[in-house]
Amino acid sequence: MAQMAAPNGAVGAASLPPGRSHEPPPREALFGAIGTLRLLLIGSIVVPLVIGAVGGYLSYRASYRQATATLAEAVAVAGENTTKILDTHALVAARIDDLLGGLSDDELRAREKPLHDQLARQIENLPQVAAAWVIDASGRSLVSARVYPVNREIDLASREDFRALREP
């Protein structure tokens, strides 16, 4: 079979396999396949990033809520414990005041041992009370629940708590 030359160097229709046209495929079909591949390539990168970001955000929100609830519970427990400790200290102070009510500094010094024993018994089962002592107006110790005999040479007048009670 002879081939005929087509004008401008194109191959004749007779030389093409059956079912194929000498015209290039439509641009939409070519772009559609390449576009689909590009879309799949971009999607395989972007979709996991988006899913990871959304999952991270949701996880962060859940962790934040849980931490907030845990912190609120811890603050409530700490508040209750602090209130109990302060109430215990107030009760111990009231009992000490009842025990010492009306005694002068000289009487307290004279009865230091029995008063020490009574104070020690009052706080022995209260681990939240570290110590209990009585201080005179000049800042010297008179009686202590932990130490017998007290060291009267130690001047506590410069302590902040002593100054706060003494100076309104």
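**Helices, strands and buried residues in a predicted model**

Along the sequence, the protein chain follows the pattern α-α-α-β-β-α, with 4 helices and 2 strands in total. Helices (H or I, at least four residues) and strands (E, at least two) are DSSP runs, numbered from the N terminus. The structure is a predicted model, in which local features need pLDDT of at least 70 and side-chain atom pairs count only at pLDDT 80 or more, while totals for chains, interfaces and linings use all residues. Residues are numbered from 1 along each chain as its sequence is written, and side-chain values use heavy atoms, with hydrogens and water left out.

Of the 168 residues of the protein chain, 15% count as buried. A residue is termed buried under 20% relative accessible area, exposed over 50%, and partly exposed in between (1.4 Å probe, protein chains only). The accessible surface of the chain comes to about 13100 Å², and 62% of this surface belongs to carbon and sulfur atoms. Such areas come from the Shrake-Rupley method with a 1.4 Å probe; for residues, only the protein chains shown count as cover.

Helix α1 comprises residues 27-100 and contains leucine 58. Leucine 58 counts as partly exposed because its relative accessibility is 47%. Leu58 also belongs to a nonpolar surface patch of about 1100 Å², whose other members include Leu41, Ile45, Val54 and Tyr64. Patches are made of residues with over 30% relative accessible area and no salt bridge, like charges being joined within 9 Å and nonpolar side chains (Val, Leu, Ile, Met, Phe, Trp, Tyr) within 5 Å. A salt bridge is a side-chain nitrogen of Lys or Arg within 4 Å of a carboxyl oxygen of Asp or Glu.

Helix α3 (residues 112-123) has 12 residues, which at 1.5 Å a residue should span 16 Å; its end C-alpha atoms are 16 Å apart, in agreement. The expected span is 1.5 Å times one less than the number of residues. The buried residues of α3 are Glu112, Leu115, His116, Leu119, Gln122 and Ile123. Seen down the axis of α3, these buried residues fall within an arc of 125°, so they line one face of the helix. The arc is that of the directions from the helix axis to the C-beta atoms. An α-helix has 3.6 residues a turn, so residues three or four places apart point the same way.

Serine 141 lies in strand β2 (residues 141-144) and, at 11% relative accessibility, counts as buried. Beyond its neighbours within four places in sequence, serine 141 is in contact (heavy atoms within 4.5 Å) with residues including Trp133, Ile135, Val150 and Leu156.
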